[in-house]
Each structure stands twice: as C-alpha cells, then as structure tokens.
Amino acid sequence: MTSAGAPERSGTTRGGGTLYRGDLGMWSWVAHRITGVLTFFFLFTHVLDTALVRVSPNAYDAVIETYKNPVVNLFEVGLVGAVLYHALNGIRVMLVDFWEKGAKYQRVMLWTVLAVWVVVMIPGFYFMMERTISELVGGH
C-alpha cells in the first residue's frame, strides 16, 4: 500500500523513475507528440510565408529563394518523415482505441508502422535529395 492508501502496482516506480521505463509504447507516444508539434509549426510557418505574397511579392520571392538550399532540403525530408510517421501512427492509435483487439496487437502494429515508414522513406529520400546531391557534386 502507498502512503495514500492505494495499492502499489508492481513494476512501477515513484520519484526518480518512470512508469514505462523506456518501453517501445512510450517512445512511440513521444514520437507521435513531437511529430505533431513539428507538423503544426511547419503549417504555421507555411501560412505566414504564403500570406507574404499578398503583402509584398518581392519579399515572398526572397523568402522562397532562401528555401532553395541543401539544408532546407534536408528539413523537407525530415518534415515528410514526420508527417508520414504521424499519419501512420495515428491510424495505429485509432485501431488500438476503437478495435477490440487493438491493444493485443499494438506492438505488432507499431512494428508494421515502422516498416511501412522505412519502405516509403527510402525512395522518398532518394527522390527528394536527388537534385540537391547532384548540384552538390557538380551535376546538372
């Protein structure tokens, strides 16, 4: 019993530890939240820079020109990866919540999400970075 009178759960810790102790489910939860926040900030920035076209087309063109560099291209790949993971994991979360067997298969579904993510991101990375890499190594 804890000091509050509630029975203590086995496998949990109080104070310095965590309930999940770094279990895969906790990390998928953390990644889902982080990718959601990153996607929100991208959309917020996208609305702002797109709105700039009505205020000053020249300023808009200057902002768009700054996006045409290899670092931003890497960020774009990261954004696609974040949105893809968030979407796939969101489907998994809905299945866990609304499918009667969802909790039983949540770990298998997470590995499936990660496998699909990798299968989609490998060619996605190639096609998104192809132009940047060819420009960096001197191709056209």
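Start at the N terminus and follow the chain: its elements run α-α-α-α. The chain has four helices and zero strands. Helices (H or I, at least four residues) and strands (E, at least two) are DSSP runs, numbered from the N terminus. This is a predicted model, in which local features need pLDDT of at least 70, side-chain atom pairs count only at pLDDT 80 or more, and totals for chains, interfaces and linings use all residues. Residues are numbered from 1 along each chain as its sequence is written, and side-chain values use heavy atoms, with hydrogens and water left out.

**The whole chain**

Color by burial. Of the 140 residues in the chain, 18% are buried. Buried means under 20% relative accessible area, exposed over 50%, and partly exposed in between (1.4 Å probe, protein chains only). Now turn to contacts, meaning heavy atoms within 4.5 Å. Among contacts in the chain with a separation of 6 or more, 57% join residues 24 or more positions apart.

**Helix 1**

Select residues 24-55. This is helix 1, with 32 residues. From first C-alpha to last it reaches 47 Å, close to the 46 Å expected at 1.5 Å a residue. The expected span is 1.5 Å times one less than the number of residues. Next, pick out Met 26, Ser 28, His 32, Thr 35, Thr 39 and Asp 49, the buried residues of helix 1. They pack against helix 2 (57-66), helix 3 (70-98) and helix 4 (106-136).

**Where helix 1 meets helix 3**

Show both helices. They pack at an angle of about 130°, with axes 9 Å apart. Helix 1 is therefore oblique to helix 3. Axes are lines fitted to C-alpha atoms, for helices over the stretch in contact, and angles run from 0 to 180 degrees between N-to-C directions. Angles under 35 degrees count as roughly parallel, over 145 as roughly antiparallel, 65 to 115 as roughly perpendicular, and the rest as oblique.

Which residues meet here? From helix 1, they include Ser 28, Ala 31, His 32 and Thr 35. From helix 3, they include Ala 82, Tyr 85, His 86 and Gly 90.

Stay on Tyr 85. Not counting residues up to four places away in sequence, Tyr 85 touches Ser 28, Ala 31, His 32, Thr 35, Gly 90, Leu 110, Val 113, Leu 114 and Trp 117.

**The largest nonpolar core**

Select Val 77, Leu 84, Tyr 85, Leu 88, Leu 110, Val 113, Met 121 and Met 129. These eight residues make up the largest nonpolar core.

**Last stop: Thr 132 and Asn 73**

Thr 132 lies in helix 4. At 4% relative accessibility, Thr 132 counts as buried. Beyond four places in sequence, Thr 132 touches Pro 70 and Asn 73.

Asn 73 belongs to helix 3. Asn 73 is buried too, with a relative accessible area of 4%. Leaving aside neighbours within four places in sequence, Asn 73 contacts Met 128, Met 129 and Thr 132.

How values were computed
Core = buried A, V, L, I, M, F, W, Y, C linked by side-chain atoms within 4.5 Å.
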